[in-house]
Amino acid sequence: MKKRFQGKVAIVAGAGAVEDGLSNGIATAVTLAREGAKVFAVDRDLDRARETQRMIDAEGGECTLHQCDVTDQAQVDEMVGACVSRHGRVDVLFNNVGIHIRGCLSEEPADFDRVMRVNLNSFFLTMRAVLPHMLEQGRGAIVNNSSVAGIRSMLPTAGYSASKGAVIQLSQNVGVTYASRGIRCNVILPGYIATPRVSWRIAHEAGDDKALYERKMAERATQVPSGRFGEAWDVANAVAFLASDDAKYINATSLVIDGGLSASTTGLPW
Ligand SMILES: NC(=O)c1ccc[n+]([C@@H]2O[C@H](COP(=O)([O-])OP(=O)(O)OC[C@H]3O[C@@H](n4cnc5c(N)ncnc54)[C@H](O)[C@@H]3O)[C@@H](O)[C@H]2O)c1
């Protein structure tokens, strides 16, 4: 296998999964490790990220777990310091943390603020903390996880949509501002990805009704021109590409990973 990250150090922020199963953070951390990266796996809840470390260890890769709430500036600064103390550098930052609360304008203002803090402000804090190290190295690749909800109205959730839209513009601004100093910053926009968070949410909506759950999943899959949900590996492969030198001339741009969903006019709202 091509080892695009041999000798490189990658911070994955939000490296766990809110429910058991394969999340975007786990799949990406494993993919980067398979290609040689020393993964610094960051999560607010270390128990949620133990599976990430277990999978990487089982394949002979290197993964350090680090607890950090990425909405807290002091913790973020300490986390990046710990990564640099351990590995001497940071080559890749994947900002993957994200939460959503349903409701659009019925969201409580405090919930709206919380979603913005987690989904947007935390990306600002982590990028700000890695920046001096990447500037000193003269290189670095940042990939931020937005969503097609950042460009299309998909679910009734004001904070999620607004934060994901803002992440796109934040990423473009960072990519352009630091391009001449060797730093690239790109953003991914996943669509319907079959991660535990999504299946849990649909299961929650369906209650105990298994048939309803299956119907809701199938309904969403048929909205996608490709006819199915994406896998967390689809997200991981895109992140690895953007973070690697294969994408060395790709900067300040967005990569949609949605099986054609956002380009289609037939998709239904959730
Ligand atoms: N699954 C999808 O269909 C989909 C689609 C579009 C975008 N996304 C985005 O992908 C990202 C990951 O989603 P997922 O469903 O794969 O993962 P997930 O929600 O299952 O896991 C996210 C991880 O982030 C951690 N986390 C949450 N808040 C944190 C904080 N403040 N500090 C540190 N860690 C924190 C959680 O403990 C968890 O381990 C999110 O940004 C989400 O918006 C997902």
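Reader: Where in the chain is the place of A252?

Author: A252 sits in the loop between α8 and β7. Helices (H or I, at least four residues) and strands (E, at least two) are DSSP runs numbered from the N terminus. This is a predicted model, in which local features need pLDDT of at least 70, side-chain atom pairs count only at pLDDT 80 or more, and totals for chains, interfaces and linings use all residues. Residues are numbered from 1 along each chain as its sequence is written.

Reader: Why is A252 called partly exposed?

Author: A residue is buried with 20 or more other C-beta atoms within 10 Å of its own, exposed with 12 or fewer, and partly exposed in between; the C-beta atoms are placed from the backbone. A252 has 17 other C-beta atoms within 10 Å, so it is partly exposed. Its phi is near 60°, a positive value in a residue other than glycine.

Reader: What is phi of C104, and where does that residue lie?

Author: Phi of C104 is near 50°, a positive value in a residue other than glycine. C104 lies in the loop between β4 and α4. Because C104 has 15 C-beta neighbours inside 10 Å, it counts as partly exposed.

Reader: Does V235 count as buried or exposed, and how do you know?

Author: V235 has 26 C-beta neighbours inside 10 Å, so it counts as buried. V235 lies in helix α8. Leaving aside neighbours within four places in sequence, V235 is in contact (C-beta atoms, placed from the backbone, within 7 Å) with residues including N24, A27, I188 and I257. V235 and A252 are 17 residues apart along the chain, and their C-alpha atoms are separated by 18 Å.

Reader: What span is expected for α8, and what span does it reach?

Author: The expected span of a helix is 1.5 Å times one less than its number of residues. Helix α8 (residues 232–243) has twelve residues; it reaches 16 Å from first C-alpha to last, close to the 16 Å expected. Its buried residues include V235, V239 and L242. Among the elements covering the buried residues of α8 are α1 (24–34), β4 and β7.

Reader: How do you know what helix α5 should span?

Author: The 21 residues of α5 (residues 158–178) should span 30 Å at 1.5 Å a residue, and the end C-alpha atoms are 30 Å apart, so the two agree. What covers the buried residues of α5 includes α4, β5 and β6.

Reader: What makes β6 largely enclosed?

Author: Eight of the eight residues of β6 are buried, so the strand is largely enclosed by the rest of the structure. I183, C185, V187 and L189 point one way, while R184, N186, I188 and P190 point the other way.

Reader: What makes β5 and β6 a pair?

Author: Two strands pair if DSSP finds at least two bridges between them. β5 and β6 have six bridges, in the parallel sense. In this pair, I142 stands opposite C185 in β6. β1 and β2 also pair in the parallel sense, over five bridges. There, V9 stands opposite K38 in β2. Strand β1 (residues 9–13) is joined to β4 (residues 92–95) by four bridges.

Reader: In what order do the seven strands stand, and why are β3 and β7 at the edges?

Author: The open sheet has the order β3-β2-β1-β4-β5-β6-β7, with parallel pairing. β3 (62–67) and β7 (254–257) each have a single partner strand, so one side of each is left without a neighbour in the sheet. The twist averages 20° from one strand to the next.

Reader: How many residues are in the largest nonpolar core, and what makes it a core?

Author: A nonpolar core is a set of buried Ala, Val, Leu, Ile, Met, Phe, Trp, Tyr and Cys residues joined through C-beta atoms within 7 Å. The largest one has 74 residues, and those with the most contacts inside it include A10, I11, V39 and V239. Its largest share, eleven residues, comes from helix α4 (residues 109–137). Leaving aside neighbours within four places in sequence, V39 is in contact with residues including A10, V12, A29 and I56.

Reader: How is β2 covered?

Author: Six of the six residues of β2 (residues 38–43) are buried. On one side these are K38, F40 and V42, and on the other V39, A41 and D43.

Note on methods. Contact = placed C-beta atoms within 7 Å. Axes fitted to C-alpha atoms, helices over the stretch in contact; angles between N-to-C directions.
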